[in-house]
Amino acid sequence: MGFEQIVFYIFSAILVFAAGMVISVRNPVFAALFLVLAFFTSAVIWILLEAEFLALTLVLVYVGAVMVLFLFVVMMLDINLAVLKRGFRRYLPVGFVVAFIMIVQLVLIVGPEQFGLDKVESPTPRAADYSNTEELGRVLYTVYVYPFEIASVILLVAIIAAIALTLRKRKHPRFMSPEQQIKVRREDRLRIVKMKSETKL
């Protein structure tokens, strides 16, 4: 067993442990932190497959941006942990049945006959000047340019729809008009009143 296989098995075990903790811990903050650990270990496995761009994207985008937003949302929401714990035992048998069915499906699809070290070949070693990012960009913007553009349009529509759904109009909005501010004169805002001086007793 080579060094790469040892590293693969170590980080795969950490990834399975972190994924299990994400769905088993009752504290949502801990679940988000375990998901961060799962993303990091997945990035290491991507690096072992010589997919450095995907590994860096996974760390920068998901860990650096998406998970930070998840943590902010989880910590800002007033989540009652007692309510979350209330139905855990009642739905536990159903969860075991669903998990067993998913494991059986994974074994049938990705079993010893379709998956294994002898079935999947190791990635071909590349030269030092080989750019994984350049090759991915060339394929993305030539072969898959239309699916890429369609996906970007769908995401844009989703962003606009999310903004439209969350935007609420107020009945009596208060705002300043720059046009009215420019027209303001000193006589309209300031009034000088002449008063007699008071004498001290």
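Which residues of helix 3 are buried? They are Ala55, Leu58, Val63, Met67, Leu71 and Val74. The model is a predicted one. It has 9 helices and 0 strands, and buried residues make up 11% of its 201 residues.

**Overall make-up**

- Read along the sequence, the pattern is α-α-α-α-α-α-α-α-α.
- The protein exposes about 18,100 Å², and carbon and sulfur atoms supply 68% of that area.
- Of the contacts between residues at least 6 apart in sequence, 60% join residues at least 24 apart.

**Helix 3**

- Helix 3 covers residues 52-76, which is 25 residues.
- From its first C-alpha to its last, helix 3 reaches 34 Å, close to the 36 Å expected at 1.5 Å a residue.
- Helix 3 has a kink of about 30 degrees, centred on tyrosine 62.
- The buried residues of helix 3 pack against helix 2 (28-48).
- An α-helix has 3.6 residues a turn, so residues three or four places apart point the same way.

**Helix 7**

- Helix 7 takes in residues 145-166, 22 residues in total.
- Helix 7 is hardly covered, with a count of 0 buried residues among its 22.

**Phenylalanine 11**

- Phenylalanine 11 belongs to helix 1 (residues 3-24).
- Its relative accessible area is 26%, so phenylalanine 11 counts as partly exposed; the partly exposed class lies between the 20% limit for buried and the 50% limit for exposed.
- Leaving aside residues up to four places away in sequence, phenylalanine 11 touches Thr41, Val44 and Ile45.
- Phenylalanine 11 and alanine 43 are 32 residues apart in sequence, and their C-alpha atoms are 9.8 Å apart in space.

**Nonpolar surface patch**

- Val97, Phe100, Ile101, Val104, Leu108, Ile109 and Val110 form a nonpolar patch on the surface.
- Together, the residues of this patch have about 690 Å² of accessible area.
- Leucine 108, one of the patch residues, is found in helix 5 (residues 92-109).
- Leucine 108 has a relative accessible area of 63%, so it is classed as exposed, the cut-off for that class being over 50%.

Technical notes: Residues are numbered from 1 along each chain as its sequence is written. This is a predicted model: local features need pLDDT of at least 70, side-chain atom pairs count only at pLDDT 80 or more; totals for chains, interfaces and linings use all residues. Side-chain values use heavy atoms; hydrogens and water are left out. Helices (H or I, at least four residues) and strands (E, at least two) are DSSP runs, numbered from the N terminus. The expected span of a helix is 1.5 Å times one less than its number of residues. Buried means under 20% relative accessible area, exposed over 50%, partly exposed in between (1.4 Å probe, protein chains only). Patches are made of residues with over 30% relative accessible area and no salt bridge: like charges are joined within 9 Å, nonpolar side chains (Val, Leu, Ile, Met, Phe, Trp, Tyr) within 5 Å. Accessible areas come from the Shrake-Rupley method with a 1.4 Å probe; for residues, only the protein chains shown count as cover. A salt bridge is a side-chain nitrogen of Lys or Arg within 4 Å of a carboxyl oxygen of Asp or Glu. The bend at a residue is the angle between axes fitted to the seven residues ending there and the seven starting there. Contact means heavy atoms within 4.5 Å.
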